[in-house]
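Please go through the sequence and the structure below. The report that follows covers cores, sheets, helices and the chain contact.

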Amino acid sequence: MLEVKNARMLYGDLVAVDRLSFTIKPGDIFGLLGTNGAGKTTTFRMIMGLLEPTEGEVLYHGQHVGYHNVNEIGYMIEERSLLTKVTVKELMLYFGQLKDMEPKVILERLDYWLDRFQISEYKNKKIKELSKGNQQKIQFISAIINNPKLLVLDEPFSGLDPINTELFVEVIRDFQKQGAMVVFSSHQLDHVESFCEELIVLEKGKVIIEGRIDQVKKDFKKQNIKIKGDVDVEALKQIPGVFKVVENSDQTIVKIENDDVAKAVFEYIKTCQNITKYDVEQASLSEIFIAKVGKSHEEV
Amino acid sequence: MKKFKFLVKYGLLKRIGRKSFIIANLVIAILSILIINLPSIIALFGGDDDQLTDIQIEVVNNIGSATLAVDLQNQFNLGLPSTFYYVTDIPTADVDAFWEDEEVDILMTFEGDLDDPVITLYSKFPEMNASMLNQVELQLISYQLGGTYERPLFQTVMAPDYEDPEAGMMVGSISSLLILPLFILVTMATQFVGVDIIEEKSTKAIETIIASVPSNTHFLSKIVASIFFVIIQGGLILFYGLIASLVSKLFQSAPMINLPQGEGSLLEYLGEILPNWPILLLMTVLFIIVGTLFYLVIAALFASMAVTQEDYQQFQSPLMLMLLGGFYIGIFAPLAGGEGFMKVMAFVPIFAPMVAPVAMAGGSMTILEGVIALIALIAFLAVMVYFASPVYKVAILNYDQTKFFKRIGDNFKKAFHRTKK
């Protein structure tokens, strides 16, 4: 279990992370979201033990994270962090031995992962000769080569095409099934929504959203109603509680303040012609994120 | 400890396992052998034509002494054993033929009688004329005195405070020979440390590395790997020197080092000009080890604050200035007679590793003063490590690219602000 307890990180007068608390259990996938500079990387560095919190603590199975338990952790940073002048094999031997792995085991696992990511032919190629996507795969392999029990991934899908993204997701799901804890950040909120159970959204170091995704969505009262048929947009806008109406090529999306407004909209729809779709949906994570972060920006 | 050993081994193999290291060492080995044996090699290609090993002298004897040629030959050969004078009698002098004759070097004609001779000297080596005529005069004096000239035994006594300028020059040469490889080795080692760290930092690979090993371990492993590199490279340079010396023995006809006549081995000569050379050697080795450590700590610290390769060029300049300063003081202060200045600089830790061994060898610093300078250097190194370690920890993961001094200041502030907590 990973416990971040009331962690606070100060750089001089700047509060990078302010009293952050969350817990990740084995088999959990946890999302850490936020705009640039929100404090995600600082949080990851605190989890990795690279930064000591000014206040609070980070515990891994009840112990402080340090170099005694770092061999069980896999870490992938947002940017490329590979030595470019060495080959894939040399790099993995270097990084693997820094996790106290035996060279033979490293090479066996490397062969497995290269095969799974369909890049076996690059084993003896220098890193600088690989495409960005393949470098990303190598970086991901370097984070999981030690079969970590805690996987810390900072923007793992950045720069990947949809096929390779799916490949990464499958591997992360496999680690989840094996009982590993996964904490990751992403700007692609659809990924977070698709496989993350719990999340925290940071803004300027402060938590502005936290909890299970379904609960977060439930707590966020605003909903969307998708309608197909002959409707009068101006009439929809006049209904109390409707704050926005968006016309798409094939449907109209009515954004409402809460569940009660849906009834009023439905009453109006009953008077319209050719209605083929009436669907009330919870707001997407992206909408919640924009709404909350935007509000936070306005408050500042 | 396992990770530390691995990092040291990895760092060392990365340096000595590269093609560039092998090529550089091949070049150093060949150059060492060539430079040390250069005079012999030149001699092989006919460069020893100017060396007067055999001198042919023809004498036209018209003064009535039957043994003049033999006596002159004996007289001339009392001098340097490396040059042999052959003196032969000829009946008449053909001056034009002499100038064209490549075999004969000097022609002398003796006219008149023994008491009042007229001697004409034709020489293809006019620089020897004065010496030759002195020898001839001595021979003629012995004829006039009616006996064989016995060379007196000359003894010279020096004033107690007399300093042999030749020995001084030799000490200067030894100092130069000492400081140059030290400068090259330290420069190479600091370059390796800096380039190694900046390569890991600029590619952000440092994030993955520091996530696996403590920054102190990483810091120390870089320095220890470089020290091992210095020892290996220094050993190899000595080995090349040994091979070069062995090669030079093959060229018996043209020895490279013209030690003063009658002396034994180089060590014996060293013993004469530097009676305390074993202590000096020990002190020099200590200064090399502590000094290299000191410069490596500075190199690692500056490299950790740099973010890109270009950035590092700026950050390494203070270190290069220190090294160059020490090098120039060590080389030129003894030549310029700046013993006092050199002695002061030998106590300044940033210059001491280069200057102190030269100052001790040159006599401008006593061994006791050298020990004090060494202790000061060790203390300064300890302080450096104490300050460098927390700063390195902060700087190695800091990608701030503000101006040079601001960045240094910020890293120190962050390091000690955090340490206090």
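## Cores

The largest nonpolar core has 136 residues, and the members that touch the most others are I47(A), V152(A), V182(A), A300(B), A303(B) and V355(B). A nonpolar core is a set of buried Ala, Val, Leu, Ile, Met, Phe, Trp, Tyr and Cys residues joined through C-beta atoms within 7 Å. A residue is buried if 20 or more other C-beta atoms lie within 10 Å of its own, exposed if 12 or fewer, and partly exposed in between, with C-beta atoms placed from the backbone. Helix 11 (residues 277-305) of chain B gives the most to this core, with 15 residues. Helices (H or I, at least four residues) and strands (E, at least two) are DSSP runs, numbered from the N terminus.

This is a predicted model, in which local features need pLDDT of at least 70 and side-chain atom pairs count only at pLDDT 80 or more, while totals for chains, interfaces and linings use all residues. Residues are numbered from 1 along each chain as its sequence is written, and chains are lettered from A and ligands numbered from 1 in the order in which they are written.

What does V152(A) contact, leaving aside its neighbours within four places in sequence? The partners are F44(A), I47(A), M48(A), I73(A), G74(A), Y75(A) and V183(A). Two residues are in contact if their C-beta atoms, placed from the backbone, lie within 7 Å. A second, separate core has 15 residues, among them I55(B), L68(B), Y85(B) and L107(B).

## The six-stranded sheet of chain A

Six strands of chain A form an open sheet with mixed pairing, in the order 6-7-8-3-9-10. Strands pair if DSSP finds at least two bridges between them. Strand 6 (73-76) and strand 10 (206-212) of chain A are at the edges; each has a single partner strand, so one side of each is left without a neighbour in the sheet. On average, neighbouring strands are turned by 10° against each other, direction ignored. Axes are lines fitted to C-alpha atoms, for helices over the stretch in contact, and angles run from 0 to 180 degrees between N-to-C directions.

Helix 1 (residues 40-48) of chain A lies across strands 3, 6, 7 (150-154), 8 (181-185) and 9 of chain A. Helix 1 of chain A runs at about 155° to strand 7 of chain A. Helix 4 (residues 132-144) of chain A also packs on the sheet, touching strands 6 and 7 of chain A, and its direction makes about 160° with that of strand 6 of chain A.

## The four-stranded sheet of chain A

Four strands of chain A form an open antiparallel sheet in the order 12-13-11-14. Strand 12 (242-247) and strand 14 (273-282) of chain A stand at the edges with a single partner strand each, so one side of each lacks a neighbour in the sheet. The twist averages 20° from one strand to the next. Seven bridges join strand 11 (residues 223-230) of chain A to strand 14 of chain A. K226(A) stands opposite D279(A) in strand 14 of chain A. Helix 9 (residues 259-269) of chain A lies across strands 11, 12, 13 (252-256) and 14 of chain A, at about 5° to strand 11 of chain A.

Chain B has 16 helices and four strands. Of its 421 residues, 30% count as buried. In helix 4 (residues 68-76) of chain B, L68(B), L72(B), Q75(B) and F76(B) are buried. They cover an arc of only 90° around the axis, which puts them on the same side of helix 4 of chain B. The arc is that of the directions from the helix axis to the C-beta atoms. These buried residues pack against strands 1 (54-61), 2 (84-90) and 3 (106-112) and helix 6 (129-145) of chain B.

Between the chains, 20 residues of chain A are in contact with 19 residues of chain B. Helix 2 (residues 88-97) of chain A gives the most to the chain A side, with three residues.
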